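Here's a quick walk through a pocket and a ligand site. Have a look at the model first, then read on.

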Amino acid sequence: MKSKYVLILICSFLIFSCEIPENTFKPGEVWLDNNGVHINAHGGGILFFNDTYYWFGEHKTEGEAGNKANVGVHCYSSKDLYNWKDEGVALSVSNDSSSLIVKGCIVERPKVIYNTKNKQFVMWFHHELKGKGYDAAMTGVALSDKITGPYNYVKSMNPNKSQWPLNYPDSLKSLSPNLDGFKRWSEEWNKEMINGAILKRDFERGQMARDMTLFVDDDGKAYHIHSSEENTTLHIAELTDDYLDFTGKYTRVLINKSNEAPAIFKKGEKYFMITSGLSGWKPNAARSAVADHPLGPWKELGNPCRGTEEEVTKTFYSQSTFVLPVQGKQDTYIFMADRWTPENAIDGRYIWLPIEFENNKPIIKWQDEWKM
Ligand code: GAL
């Protein structure tokens, strides 16, 4: 009798102490890392390197104040995308109040790419200055020789200072913008915005760069895609060969269509983009677009989500952050999005769903649990 109890005790101990590896995605649930802690990598992106996926994202903390950069950018690694190992903080905010990246500033949507020429990992992120809300609209860059970091902060900027977009007509360059007295979204206001009122306002100091992503093409050219012109127009800008700066070559994309949260991927010869509208932390309907070149022109394809009215108009209560091409599986892409919880930032959840294609358009459907 006694030995039976001992056996039951040993078995229960073994069952509870053994980590059962994950083999499915459960969108919206708590995703535990190897230490049993909810993954802290919001607004993130993934870099595949040496047979391993590295996930970088905003390290959020508790409460509403946890939306600020109190810690930095967190990194996790995985071989299979289901099980994640905590690799620690890749980019730390500074305690030095004279640093632009001081604790309490805003660091959002970090993305890391690998520069094969210099064998360096380059991280870009949306950067707002401490105490200045979202006014600075800058993009920041950090650098490391090791994928997991530590990344050294290099600089932040408003890109493409004194450069006209490639697709900006000469005839508009000489006109003076005038938004005075026009009601936002009125016909006159829209006309001025389309004609580049904000682009011109920011011409000398550099353009606004808020929600952003990076995309590296097959030829090694990297592009920085960001919400500009007071979030009304996306700018897609080429980076220099070392990925540390802008070449000055850029286009205005989906002009005055108010896109945020851009995510770009390539399938065959086509480039696809998934974005959101503008409603802050609150979810709205996703959009999609297609192009033959990262710099465009981009053609709108509509809302990629399918499901109930509520799911389709709220993107399953989430906002895009990245599209991951799964290695070794042809045409397999994962839509990665954030379900924000601004009142307790650290609790934000991850919505990862497979991308299907119908009539050459990306389609996303809800799944409670799924595997590749
Ligand atoms: C969202 C944006 C997030 C964050 C948030 C702040 O629209 O996508 O990255 O900036 O606004 O309200």
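## The pocket and the ligand

Five strands each put at least two residues into the lining of the largest pocket: S1 (42–49), S5 (106–115), S9 (212–216), S13 (260–267) and S18 (319–325). Strands here are DSSP E runs of at least two residues, numbered from the N terminus. S1 gives the most, with five residues.

This is a predicted model, where local features need pLDDT of at least 70 and side-chain atom pairs pLDDT 80 or more, while totals for chains, interfaces and linings use all residues. Residues count from 1 along each chain as its sequence is written, and side-chain values use heavy atoms, with hydrogens and water left out.

The lining has 30 residues, with Leu47, Phe215, Val216, Pro325 and Gln327 nearest the pocket's centre. By class, that's 19 nonpolar, five polar and six charged.

Now for the ligand. Around it sit Glu108, Arg109, Tyr134, Asp211, Glu260, Gly280, Trp281 and Gln319, each with a heavy atom within 4 Å of it. That shell splits into two nonpolar, two polar and four charged residues. In both counts, Ala, Val, Leu, Ile, Met, Phe, Trp, Tyr, Cys and Pro are nonpolar, Asp, Glu, Lys and Arg charged, and the others, including Gly, polar.

| Residue | Distance to a ligand oxygen atom |
|---|---|
| Glu108 | 2.6 Å |
| Asp211 | 2.5 Å |
| Glu260 | 2.4 Å |

The protein covers 90% of the 310 Å² of accessible area that the ligand has on its own, by the Shrake-Rupley method with a 1.4 Å probe.

Methods: On a 1 Å grid over the protein atoms alone, a cavity is a set of points where a 1.4 Å probe fits but cannot get out, and a pocket is an open set with protein on both sides within 12 Å along at least five of seven lines; lining residues have an atom within 4 Å of a point. Helices (H or I, at least four residues) and strands (E, at least two) are DSSP runs, numbered from the N terminus. A polar contact is a pair of N or O atoms within 3.5 Å; within protein, one must be able to donate a hydrogen and the other to accept it, and residues adjacent in sequence count only if both atoms are side-chain atoms.
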